[in-house]
Amino acid sequence: MRIHVSTAFSAKAKVAMSRFEPGSSINYEKMHENINIVRRRLSRPLTLSEKIVYGHLDDPAGQEIDRGRTYLRLRPDRVAMQDATAQMAMLQFISSGLPTVAVPSTIHCDHLIEAQIGGVQDLQRAKDINEEVYNFLATAAAKYGVGFWKPGSGIIHQIILENYAYPGVMLIGTDSHTPNGGGLGSICIGVGGADAVDVMAGIPWELKCPKVIGVKLTGTLSGWTSPKDVILKVAGILTVKGGTGAIVEYHGPGVDSISCTGMATICNMGAEIGATTSIFPYNHRMKTYMEKTGRGEIATVADLFKDDLVPDKGCEYDQVIEINLSELKPHINGPFTPDLAHPVSDIGAIAKKSGWPLEVKVGLIGSCTNSSYEDMGRAASLAKQALDKGLKCKAQFTVTPGSEQIRATIERDGYAKILSDVGGIVLANACGPCIGQWDRKDVKKGEKNTIVTSFNRNFTARNDANPATHAFVTSPEIVTALAIAGTLDFDPETDYLTTPSGEKFKLEPPTGDELPSRDFDPGQDTYQHPPAEGGSVKVNVSPSSNRLQLLEPFDKWHGKDLENMRVLIKVKGKCTTDHISAAGPWLKFRGHLDNISNNLLIGAVNIENDAVNKIKNQLTGEYGGVPDVARYYKANGESWVVVGDENYGEGSSREHAALEPRHLGGRAIIVKSFARIHETNLKKQGLLPLTFADPKDYDKIRPDDKISITGLKSFAPGKPVTAVIKHSDGNQDSISLNHTFNETQIEWFQAGSALNRMKELQ
């Protein structure tokens, strides 16, 4: 690894680090130079977000900069991919014909491990079941110069925090919770695989110039209140789309009361408010964390450039939220959406009034959001209090360590034993139930029940594929307390537990060390470094595989308006990427486009009949599943569109939600508004993401309409297109549709996809 600093600093900047690929570099001087160029041009103080983003501009002297309007061309420092999205990303990179990646990149095996029995058994089962996929990823990584973290190494975001994030870095990751790295002063942004391919190919990466929402923190965290409560509160304020197109920047005197991993928790769940990313300013907490994780040399250099790693005095935010941490109460959000915020003290009464089940069936702690050493220690402090009084969890209880390093360290320091003794099952170092990789047996599908988790997302059926499960997200401390009590209406700040002997007692507030007093135990070595020369490595994809499939280029635009397209489905209400391309058991097909397309929109609600996966085939008059009807239309030469509601595509970064409609014959997605990542993913695959100029026009479209999109020959940035809606009764309406395409993105549409356009330019 290289740190680029001037000669005067070189004595302080000697770095010897493992797990960094050849060519990896920290170039604070270049970022400093770019910041100064932009500051002179704009003649105003800069936010921290602006410093790091503009510090990575491809052309800081010439780039047009207007928050919320212009597109920036950026040069990220590195790429990270989790195994479910890495399959398609690497398949696309292979299609590009390039010999090796242009920036340091890593693959992390964390999504394909199903929670079933316990960590050791589940990991071995995953290795057996997914051998073909793991072999593909390992060999593709070796061939193209990508680092490979084997199954069992941990969750991508925890690995990044422990190894790759640092103040001032710009990293893109093929997972929506990549912003976790903001806890270490990094700009880490979730993207689709096609965006990752651009960066790995050495092409400037485009991002609409983000607005900046400032969250000013005052006061001090204490007692039962945790870092998770900050983002639970912010989610309640901003809702699931309030952060769209913006970076959330935390600042103020309250920042210093939050640990580095606590800041990462807050940034991680910022994905649930639609934020581009979230970030905290560099401080002593980050320095201590880097020193504990073997990166003290970086901290030494970061100190020298600290002015570039904090906001300028007098900088202006597009919106400011103020939270007094001393007054903040523990929160719990849900069910069915992560922005339905409640103080823990109120949730019992609200649940009773709303008819939500009070019995907590399962408490689940861990995940990429809350699996730090501090999280586990604070949960263990509560578990020990219960054990000392002769109590165990009334609910089932699971523990997911975020990384092999965390697992090994909490095992060494006794936390794992305490959590097991209170009734916990320690799962594999992986995503597990958080993403639906959970073979749950205690309830039947359709059975109404409540679970509480320290995860980040709680959409309908996300965790266990049961739409009747009421999932609530909260801190690991509150999860542990509720699992011990076994009921949702337990407030640990005021309520008492009863021992087997009948004694009443109250849990003391949780405590836990921010970092281990001894060094972290790294555990097993699960990292595969790319060879110096990987050109001879063979990457095999069997034509008969049902897990992997080489990609064929999408067809180019024919140069005409898109006429008489069918309405495949008019979606009612919330439609996340989980609704568009379900995870859980479908994860096994993430490397096979045709097979995974069999889950297209099977979770979306059809406005015609309030049913899921039941739409009318307008050619046959019969009802069928959404993918089946889409395939029928495609086979009969009929293009189609999807019509949707607000914040369409919120949630995961999975580009399969864009690849699938393109593969099955879709041409446009017409909605009231989009989530950022999904809108970009649709553009990358040659689809038209369009929004109603008047949201009321959503009501004009009927399921049996035909839609023509006109004006495409003069398709231009900022110029609306027209949709002509032909009704079955012979009448028609014309409506205006907006878009956010720039010139480059229009070229993607015309070429058929961004990958097609990349090949044209080679």
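A pocket, found on a 1 Å grid over the protein atoms alone, is an open set of points where a 1.4 Å probe fits, with protein on both sides within 12 Å along at least five of seven lines; its lining residues have an atom within 4 Å of a point. The model I present is predicted, so local features need pLDDT of at least 70 and side-chain atom pairs count only at pLDDT 80 or more, while totals for chains, interfaces and linings use all residues. Residues are numbered from 1 along each chain as its sequence is written, and side-chain values use heavy atoms, with hydrogens and water left out.

Let us begin with the second largest pocket. Its lining comprises 37 residues, and Lys208, Thr244, Gly245, Arg676 and Glu679 lie nearest the centre. Helix H21 (676–684) is among the elements that give two or more residues to this lining; with six residues, H21 gives the most.

The largest pocket, by comparison, is lined by 40 residues, and those nearest its centre are Ala461, Ala465, Ala582, Ala583 and Pro585. Helix H4 (119–129) and helix H17 (577–580) each give two or more residues to that lining, and the largest share, three residues, comes from H4.

I turn now to a single residue. Where is Ser371 placed? Ser371 sits in the loop between strand E16 (360–366) and helix H13 (373–388). Ser371 counts as buried because its relative accessibility is 1%, buried being under 20% relative accessible area with a 1.4 Å probe and protein chains only. A polar atom of the Ser371 side chain lies 2.8 Å from the backbone oxygen of Ser367, and the Ser371 side chain also reaches the backbone nitrogen of Gly402 at 3.3 Å.

Technical notes
Helices (H or I, at least four residues) and strands (E, at least two) are DSSP runs, numbered from the N terminus. Buried means under 20% relative accessible area, exposed over 50%, partly exposed in between (1.4 Å probe, protein chains only). A polar contact is a pair of N or O atoms within 3.5 Å; within protein, one must be able to donate a hydrogen and the other to accept it, and residues adjacent in sequence count only if both atoms are side-chain atoms.
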